[in-house]
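Biologist: Before we discuss any of the labels, could you please show me the sequence and the model?

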Amino acid sequence: MALRTKKSSPSISPPARFPADSWDYILESLEEGIFVIAETDAIVYANQTAEQLTGLSHAQLHGRSYLELFSANPWIVDIIQRTTAADNSRTAGEGELRGRMAHSTPVRLTCSPISSNNGTSLGLVLVLHDLSYQRELAEAAQREDRLAHLGVVAAGLAHEIKNPLAGIRGAAQLLQGRLRHDSSSAEYATVMMREVDRLSGLLEQVLTLSSSPPLESQPVNIHKVLTEVLLLERETLSPHQRVQTRFDPSLPDVEGDEAQLGQVFRNLIKNALQAIAGRRGGELTIATRMATNFHVLRSEAQKPSGTARRGRVLAIDFTDNGSGIAPEQLARLFTPFFTTKTKGTGLGLAISQKIVAQHGGTIRVESNPGVGTVFHVYLPVATV
Ligand SMILES: Nc1ncnc2c1ncn2[C@@H]1O[C@H](COP(=O)(O)OP(=O)(O)O)[C@@H](O)[C@H]1O
Ligand SMILES: [Mg+2]
């Protein structure tokens with residue numbers, strides 16, 4: 001990097017009462033990842049968020065050349081080099097930050113030259129802003145929009161279908177009574193009633209998805225809810241399936257609707273058990289923990305109560321070693337009616353996502369076809 005000079009710019013000094021040695025703490029507190037690159041191309045400073053974004057420790061980052069650090073991210077190298085070449089002008093761009101692990105994070109990068117008072121160039125500062133939460137919000141807004149449209153159609157259809165369905169069921173029941181002595185005909189009536197019940201159930205689910213019943217909010221112990229759901233679901237387990245729990249007993253309550261959260265857990269557990277069905281050694285592990293993932297913590301700012309502060313979030317991880325999900329299907333998982341099962345409705349995840357979002361949380365999924373799947377449910381803890 002060539003040494004550059006610049007006309008002196010006004011110096012920025014902290015207000016009188018602000019201790020100058022606090023700048024370190026300020027940089028460490030930022031939600032943006034900050035890297036400082038010296039004239040030698042070496043990283044001379046990286047804050048905590050920068051470490052989290054790259055998945056590298058302070059020791060691994062310090063002194064390393066940016067060319068090596070960002071070798072998997074040519075677009076970042078390009079921005080840095082353009083800033084250097086453009087002599088004192090700031091350069092910015094957006095792209096995927098590929099870390100050491102397979103996953104990547106969408107980020108906005110601003111790269112600015114640093115100059116001393118006398119204009120000597122001291123290197124560059126990179127500011128990386130994590131866009132994943134913004135993307136999630138945009139997707140959630142799109143989903144809301146689709147659901148709102150679905151809601152209008154569903155409410156109309158439900159109204160038209162509900163009464164005739166009840167009529168058909170009543171008539172089938174009568175028939176069944178009259179056909180007591182003709183068992184094979186009575187069986188047809190039973191089939192009619194069962195199918196009508198299935199349709200009514202489907203209608204209920206579509207209505208849940210498209211309307212927003214108010215949350216019966218109260219402090220909820222998620223371990224209690226998970227245990228109750230598991231008690232019922234365990235009955236459907238085959239001898240080849242195992243469910244393990246790893247609960248952190250010190251976790252606080254979440255603020256929410258117990259019945260609705262129970263529905264979310266039931267959907268995720270059912271899906272996992274279906275994914276490991278028929279697999280020898282099929283296993284589902286449910287673990288609870290405090291979430292330390294910083295970009296999830298921001299979701300608290302979006303809560304309807306609206307105070308933009310970081311709240312604590314807990315996570316429930318449903319890990320199965322089942323069939324896994326193909327990468328091209330991952331993006332469609334939460335779309336209503338998306339299913340790969342012959343008898344699936346494709347509504348379980350859409351409803352779950354909606355309920356968790358209403359609680360100010362989010363669901364994320366990671367999957368490896370043939371290896372297994374993890375669903376992470378993040379929920380803000382109750383504030384006392
Ligand atoms: N744990 C899992 N493992 C593998 N695939 C899953 C898992 N959970 C969900 N899926 C996939 O997501 C799809 C949608 O799930 P869902 O909305 O619950 O609808 P349904 O279960 O009725 O198909 C499923 O059909 C399946 O392909
Ligand atoms: Mg399901």
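Modeller: This is a predicted model, in which local features need pLDDT of at least 70 and side-chain atom pairs count only at pLDDT 80 or more, while totals for chains, interfaces and linings use all residues. Residues are numbered from 1 along each chain as its sequence is written, and chains are lettered from A and ligands numbered from 1 in the order in which they are written.

Biologist: What is the mean pLDDT of the protein?

Modeller: On the predictor's scale of confidence in each residue, from 0 to 100, the mean is 86, and 89% of the residues reach 70 or more. Over residues 1-7, however, the pLDDT is below 50, and over residues 296-309 the pLDDT is below 50 as well. Where pLDDT is low, the predicted coordinates should not be read in detail.

Biologist: Why are H6 and H7 called roughly antiparallel?

Modeller: The axes of helix H6 (residues 132-178) and helix H7 (residues 183-210) cross at roughly 160 degrees; angles over 145 count as roughly antiparallel, and therefore H6 and H7 are described that way.

Biologist: What makes up the shell of residues around ligand 1?

Modeller: The shell divides into 8 nonpolar, 11 polar and 2 charged residues, where Ala, Val, Leu, Ile, Met, Phe, Trp, Tyr, Cys and Pro count as nonpolar, Asp, Glu, Lys and Arg as charged, and the others, Gly among them, as polar. Of the 21 residues around ligand 1, Asn271, Ala275, Thr339, Gly344 and Gly348 come nearest, a residue being near if its C-beta atom, placed from the backbone, lies within 6 Å. Helix H9 (258-276) and helix H12 (348-358) each supply at least two residues of this shell, and H9 gives the most, with 4 residues.

Key. Axes fitted to C-alpha atoms, helices over the stretch in contact; angles between N-to-C directions. Parallel < 35°, antiparallel > 145°, perpendicular 65-115°, else oblique. Contact = placed C-beta atoms within 7 Å.
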